Amino acid sequence: MSLSRRLFLGCACASVAGSPIGARASSAVPPTTLAPDQALARLMEGNRRFTADSPHAAPSQTEKRILLGEGQAPFATVLTCADSRTPPNTLFDEGLGEIFVMRVAGNTLSPAILGSIEYSSMALGVPIVMVLGHERCGAVAAAVEVVERQALLPGALMAMVEPILPAALEARQSNPGDLVEATVRVHALRTARQLREVPSVLSARLATGALRVVAARYDLDDGKVALLDG
């Protein structure tokens, strides 16, 4: 067996038998006890507070920061766009340590993003994963330009939008009035479906109902997050 293979197996065993999952027991921050539906309801209630401009009273950030130095226990994982207008902790009116966040232009999946989601589920026990697209997404608009006009994007931008192209092609089949908006929705749904259906570390918890994956869309104009699937 190669050295790299032995190292990989050793790390995998450690992650299951002790670190990081085993380290949970000694963490000063207990894991969430929320079921998937409860965690989703908490996200949506936080968004209602955000849109009503009535944020909940936050605890002392100094005390929270010190506590989180000993561990983390987020109740939700959100994959969303890198767009500066879509920060999940703000949109869902949550503070430090409450949401495990991945942000990348176009909320696309990559091995690093998938691994991060798997870590949040396996090691931190997060019960809900939300794939959050948003209105007038620039990365989606660029993908639509590639599909509709064979645009050539400079630098790494073509590679960035490549995972969105299948969604744009699928959305175009229904001849929507706004292809960018249709692609935003289809892309979020496709990404959530991929997380649910493609075998991964997530599969076991999805099968038992301990984990739920949903797709949603954020409206830049009214601030509301709307679920796109169950």
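**View 1. The largest nonpolar core comprises 20 residues, and C137 and V140 have the most contacts inside it.** Such a core is a set of buried Ala, Val, Leu, Ile, Met, Phe, Trp, Tyr and Cys residues joined through side-chain atoms within 4.5 Å; buried denotes under 20% relative accessible area, exposed over 50%, and partly exposed the range in between (1.4 Å probe, protein chains only). At least two residues of this core are supplied by each of α6 (138–149), α8 (165–172) and α9 (179–197). Helix α6 gives the largest share, seven residues. Helices (H or I, at least four residues) and strands (E, at least two) are DSSP runs, numbered from the N terminus. In soluble globular proteins, nonpolar side chains tend to be buried together. The model is predicted: local features need pLDDT of at least 70, side-chain atom pairs count only at pLDDT 80 or more, and totals for chains, interfaces and linings use all residues. Residues are numbered from 1 along each chain as its sequence is written, and side-chain values use heavy atoms, with hydrogens and water left out.

**View 2. Surroundings of V140.** Leaving aside residues up to four places away in sequence, V140 touches I164, V180, T183 and V184. Contact here means heavy atoms within 4.5 Å.

**View 3. Five strands form an open sheet of mixed pairing.** Their order is β2-β1-β3-β4-β5. Strands β2 (99–103) and β5 lie at the edges, each pairing on one side only. Two strands are taken to pair if DSSP finds at least two bridges between them. From one strand to the next, the twist averages 25 degrees. Axes are lines fitted to C-alpha atoms, for helices over the stretch in contact, and angles run from 0 to 180 degrees between N-to-C directions.

**View 4. Strand β4 (residues 212–218) and its two partners.** Six of the seven residues of β4 are buried. Strand β3 (residues 128–134) runs parallel to β4 and is joined to it by seven bridges, with V131 partnered by A215 of β4. Strand β5 (residues 225–227) pairs with β4 in the antiparallel sense over three bridges; A216 is partnered by L227, and R217 by A226. Six residues separate the strands in the hairpin of β4 and β5, where G223 takes a positive phi near 80 degrees.

**View 5. Helices α2 and α9 against the sheet strands.** Helix α2 (residues 36–51) packs on the sheet and touches β1 (76–80), β2, β3, β4 and β5. The direction of α2 makes about 35 degrees with that of β3. Helix α9 lies across β1, β3 and β4 and runs at about 170 degrees to β4.
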